Amino acid sequence: MSMEAISEALQKGKAKDVKALVQEQIDNGVSAKEVLEGGLMAGMDIVGRKFKANEVYVPEVLIAARAMSAGIEILRPLLIRDAVDPKGTVVIGTVKGDLHDIGKNLVKMMMEGKGFNVIDLGTDVAPEKFVAAAQEHKANIICCSALLTTTMTEMKNVVAAADAAGIRPGVKIMIGGAPITEEYCKSVGADAYSPDAASAAEKAVELIEAA
Ligand code: B1M
């Protein structure tokens, strides 16, 4: 019932209510993961389906996204509290032409939780910018997020830019986002694909340990 309340408040874009309801669940001892998946992500999933069916439009989705981010901010300290010794540096961003950042922000949080220093380049990041930031910050990993079938093709350009700059294989390239698959990862020559934020952070640790 309470998870439904979070999902409903998110769908209506009521950020204040989402924050209060998320806090209430945490105070009641519900885990951050459960609130994230059962409340916030479940609500956004419904918004996504309604968006696809033209039952809601960009402004409603944007307001729901703001409400989701407000809820995630409450969970942030809980999701990253396991942070241990510094593991390495990750440069993260959403690819060129793409403004979706909620999933990317979750990946960032989970990476921080594993002890990575994360340089967040934001959204609409050009391939050269990923590479320049990786060089500047001596990063171990570049993480690219894409939510659109029209922008996922930019990942191939990030791989090409990294190859042209000669920073691979020292710098690994990880990719993810709703339209991305393992096969797509192989086809663009990236080093790893992860379906969700938690497994992305685990994969990053594996890559560092294997290096
Ligand atoms: Co947009 N949008 N959107 N949107 N939007 C989608 C993606 C869409 C699937 C909706 C639909 O039709 N059902 C559709 C894409 C269709 C396609 O290409 N196949 C779509 C569209 C069409 C558009 C516009 C073109 C709409 C328009 O203008 N007509 C436009 C494009 C703007 C642009 O980017 N240039 C647009 C705009 C927007 C808003 C701005 C309104 C808003 C974004 C706000 C924001 O991000 N700040 C928005 C939203 C919110 C969505 C939906 C509803 C939700 C996305 C989301 O945040 N999900 C989305 C529908 C859907 O996905 N169900 C949709 C929650 C988030 C936690 O999940 O980002 O998938 P996700 O992240 C996951 C995994 O994918 C993974 O980890 C996370 C979970 O743990 N992951 C990674 C993500 N990145 C990773 C990187 C990694 C590893 C894992 O690196 C290693």
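Start at the ligand: of the 34 residues around it, Leu 99, His 100, Asp 101, Ser 145 and Ala 197 come nearest. A residue is near a molecule if one of its heavy atoms lies within 4 Å of it. This is a predicted model, in which local features need pLDDT of at least 70 and side-chain atom pairs count only at pLDDT 80 or more, while totals for chains, interfaces and linings use all residues. Residues are numbered from 1 along each chain as its sequence is written, and side-chain values use heavy atoms, with hydrogens and water left out.

**Select His 100.** Its NE2 atom is the only protein donor of the ligand's cobalt atom, at 2.2 Å. Donors are N, O and S atoms within 2.8 Å of the metal (3.2 Å for Na, K and Ca); water is not among the atoms, so sites may look incomplete. His 100 sits in the loop between strand S1 (88–94) and helix H5 (102–113). Helices (H or I, at least four residues) and strands (E, at least two) are DSSP runs, numbered from the N terminus.

**Now show the polar contacts.** These are pairs of N or O atoms within 3.5 Å; within protein, one must be able to donate a hydrogen and the other to accept it, and residues adjacent in sequence count only if both atoms are side-chain atoms. Pick Gly 97: one of its backbone N or O atoms lies 2.9 Å from a ligand nitrogen. At Leu 99, a polar backbone atom is 2.7 Å from a ligand oxygen. At Asp 101, a polar side-chain atom lies 2.8 Å from a ligand nitrogen.

**Colour the shell by element.** Helix H3 (32–52) gives the largest share, five residues. By class, the shell has 21 nonpolar, nine polar and four charged residues. Here Ala, Val, Leu, Ile, Met, Phe, Trp, Tyr, Cys and Pro count as nonpolar, Asp, Glu, Lys and Arg as charged, and the others, Gly among them, as polar.

**Colour by domain.** The assignment gives domain 1 (2–81) and domain 2 (89–210); such bounds come from an automatic or database domain assignment. Both domains give residues to the shell, so the ligand lies between them. Their centres, taken over C-alpha atoms, are 25 Å apart. Eleven residues from domain 1 and seven from domain 2 make the contact (heavy atoms within 4.5 Å). Together the domains bury about 780 Å², 78% of it on carbon and sulfur atoms. Buried area is the accessible area (1.4 Å probe) that two parts lose on being put together, summed over both. On the domain 1 side, select Arg 76, Leu 79 and Ile 80: they lose the most area to domain 2, together 54% of what that side buries.

**Finish with the backbone.** Where is the cis peptide bond? Go to Arg 168 and Pro 169, which it joins with omega about 5 degrees. Pro 169 lies in the loop between helix H7 (154–165) and strand S4 (172–176). Next, Asn 54 has a positive phi of about 55 degrees, although it is not a glycine. Asn 54 is in the loop between H3 and H4.
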